[in-house]
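Subject: Structure handover

Hi,

Here is the structure I promised to pass on. Please open it next to this email; my notes follow below.

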Amino acid sequence: MTDSSDYIVDLQQITFRRGSRLIFDGVDIRIPRGKVTGIMGPSGCGKTTLLRLIGAQLRPDRGAIWVNGQNIPELGREQLFAARQHMGMLFQSGALFTDLNVFENVAFPLRVHTELPEDMIRDLVLLKLQAVGLRGARELMPDELSGGMKRRVALARAIALDPELMMYDEPFVGQDPISMGVLVRLIRLLNDALGLTSIVVSHDLAETASIADYLYVVGDGQVLGQGTPDELMNSDNPRIRQFMQGEPDGPVPFHFQAPEYLSDLLQQEHKR
Amino acid sequence: MSVMSRVGLLGRAGLDTLSALGRSGLFLFNALLGRARFGNGFTLLLQQLYSVGVLSLAIIIVSGLFIGMVLALQGYNILVGYGSEQAVGQMVALTLLRELGPVVTALLFAGRAGSALTAEIGLMKATEQLSSMEMIGVDPLKYVIAPRLWAGFISMPLLAMIFCVVGIWGGSLVAVDWLGVYSGSYWANMQNSVEFVDDVLNGMVKAVAFAFVVTWIAVFQGYDCEPTSEGISRSTTRTVVYASLAVLGLDFILTALMF
């Protein structure tokens, strides 16, 4: 185990398979406390899986996941649900409870985990909604919100219990430039104002690099590189350079694995 | 396909079935054991009793009425040939209390409430609402599943009782008010022949067993479904098919043991 004061999350030698596919093969990742850490990589490389491993919604085949000094895969059901109260996760879809309005969605964690009086819950909910700029939308139902607003309400709900660790799953996907800018600002602002630690999983390079203090690039079940955004931009590793520069072909091939082109075309001719 | 690969497929199907049975057992164990820490558990149960039980009342009452009426009509037509049409009340009551009440209620309950439970929970899973609940530190088994299970266990036997009562009343409408059977013999024959323990209580034991099986299947199918639109549709179909077959099979076993 590492010194828990420096790193809030410490993944050690994580191996994880989905069916026969190896997603992670002995991966080590450490998330520094109080910082915004970006986890980047091409689609399908297991970035979301990583968050689900930290949140214990999935179990690794091998390895340890230390969060705040607790090895998450070894926790019992009760301890796990207690540990999750210190984590917040923003899902890609927002995942708001569709039968509750905006106010009740944000109030939900407070109602189930605290016994605060109603007027204090109201104040706290309005405080969180004010932080994401949606205090005026408190009476709306989730299906009356735009995608960007949903994500902001979900963010307000995720920070309702003042978690120590916030995880963002692809927060910038499908956002227009304005709501993208709002989210980028919010993630950095909340991290610094509330003293959180944030993990941003994303493949949006510019946005993530602009707010992250530290970046990991994952792919092929491995950590391909890590460092500050500047260090990675100037990396001489061809794979990292391809990803950071957004080149369509390179060590990560443009073509999915396939038989040789000409023989594939001629195969039909032979059949006839 | 070679013989060995057929055997392999059979083995795989067997393993899948066993693993699903194991998962559903653990699911039930985790949902029902241990008390929820949420203060509003009773409110959650009341909400589910309303949507699972109260909203099923209409279909149960209307079906009960028609089944009672049809039983009386058929029974009268047969019994009148032997001059014993005054036994029609006894026949309607015994048929409803012993068999049709619990069985038809369970089948209707599977179609009306069971499919709704599966679809609702499946959609909550597909839209990551269950995952986000977990990450908020709330166990969906306690918060979403347990109230629905208890609501099913409580409301279905009550619905079966209502079904029987309405059916017997429907029978009297046809036999007494329409076909002219003497009302005294309709009710008195019923009173003489229906035993509380043998008929009423055994029927209710059946209803409780069916409630348990139908609700368990419905809720587990929702929770275990593949989180896609096809997955939810398959699970909803499975709920109705499995629950109906389980009810009919269990009914035979319970009847053989009880009567």
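Strand 1 (residues 7–18) and strand 4 (residues 62–67) of chain A pair in the antiparallel sense, over 5 bridges. One caution before going on: this is a predicted model. V9(A) has V67(A) of strand 4 as its bridge partner. T15(A) stands opposite R62(A), also in strand 4 of chain A.

These two strands belong to an open sheet of 4 strands in chain A, with the order 2-1-4-5 and antiparallel pairing. At the edges are strand 2 (21–32) and strand 5 (70–71) of chain A, and each of them pairs on one side only. Helix 1 (residues 47–54) of chain A packs on this sheet. The helix touches strand 1, strand 2 and strand 4 of chain A. Its direction makes about 115° with that of strand 1.

Now follow strand 4 of chain A into strand 5. The two form a hairpin with 2 residues between them. N68(A) sits in the turn and has a positive phi of about 50°. The pairing is antiparallel and runs over 2 bridges. W66(A) has N71(A) in strand 5 of chain A as its bridge partner.

Which way does strand 6 run relative to strand 7 (residues 165–169) of chain A, parallel or antiparallel? They run parallel, joined by 4 bridges. M87(A) stands opposite L165(A) in strand 7 of chain A. Side chains in strand 6 of chain A go both ways: M87(A) and M89(A) point one way, G88(A) and L90(A) the other. All four named residues are buried.

Helix 3 (residues 102–113) of chain A is worth a look too. Its buried residues are V102(A), N105(A), V106(A), A107(A), F108(A) and P109(A). What do they pack against? Their partners are helix 4 (118–131) and helix 5 (147–158) of chain A.

For the whole of chain A, count 10 helices and 10 strands. Of its 272 residues, 39% count as buried. The C-alpha atoms fill a box of roughly 75 × 45 × 40 Å along the principal axes. Take the contacts in chain A between residues at least 6 apart in sequence: 64% of them join residues at least 24 apart.

**Chain B: helices throughout**

Chain B has 9 helices and 0 strands. From the N terminus on, its elements run α-α-α-α-α-α-α-α-α. The C-alpha atoms of chain B fill a box of roughly 65 × 55 × 30 Å, again along the principal axes. Buried residues make up 42% of the 259 residues. Among contacts in chain B between residues at least 6 apart in sequence, 87% join residues at least 24 apart.

The UniProt record, an unreviewed entry, annotates "transmembrane region" over residues 20–38, 50–73, 158–180, 200–219 and 240–258 of chain B. I checked two of these stretches in the model. Over residues 158–180 of chain B, the chain is 91% helix and 0% strand, with the end C-alpha atoms 31 Å apart. Over residues 240–258 of chain B, the chain is 100% helix and 0% strand. There the end C-alpha atoms are 26 Å apart.

**One residue in chain B: D199(B)**

D199(B) is found in helix 8 (residues 196–223) of chain B. Is D199(B) buried, exposed or partly exposed? D199(B) is partly exposed, because 18 other C-beta atoms lie within 10 Å; a buried residue would need 20 or more. Leaving aside residues up to four places away in sequence, D199(B) touches L94(B), L97(B), R98(B) and V194(B). For a sense of scale, take F220(B): D199(B) and F220(B) are 21 residues apart in sequence and 32 Å apart in space, C-alpha to C-alpha.

**Where the chains meet**

How many residues does each chain bring to the contact? Chain B gives 12 residues and chain A gives 16. On the side of chain B that touches chain A, the residues divide into 4 nonpolar, 5 polar and 3 charged.

Best wishes

Technical notes:
Residues numbered from 1 in each chain as written. Chains lettered and ligands numbered in written order. Predicted model: local features only at pLDDT ≥ 70, side-chain atom pairs only at ≥ 80, totals over all residues. Buried ≥ 20, exposed ≤ 12 C-beta atoms within 10 Å, placed from the backbone. Contact = placed C-beta atoms within 7 Å. Pairing = 2+ DSSP bridges. Axes fitted to C-alpha atoms, helices over the stretch in contact; angles between N-to-C directions. UniProt positions renumbered as here; feature names shortened; annotations may be inferred. Nonpolar A, V, L, I, M, F, W, Y, C, P; charged D, E, K, R; others polar.
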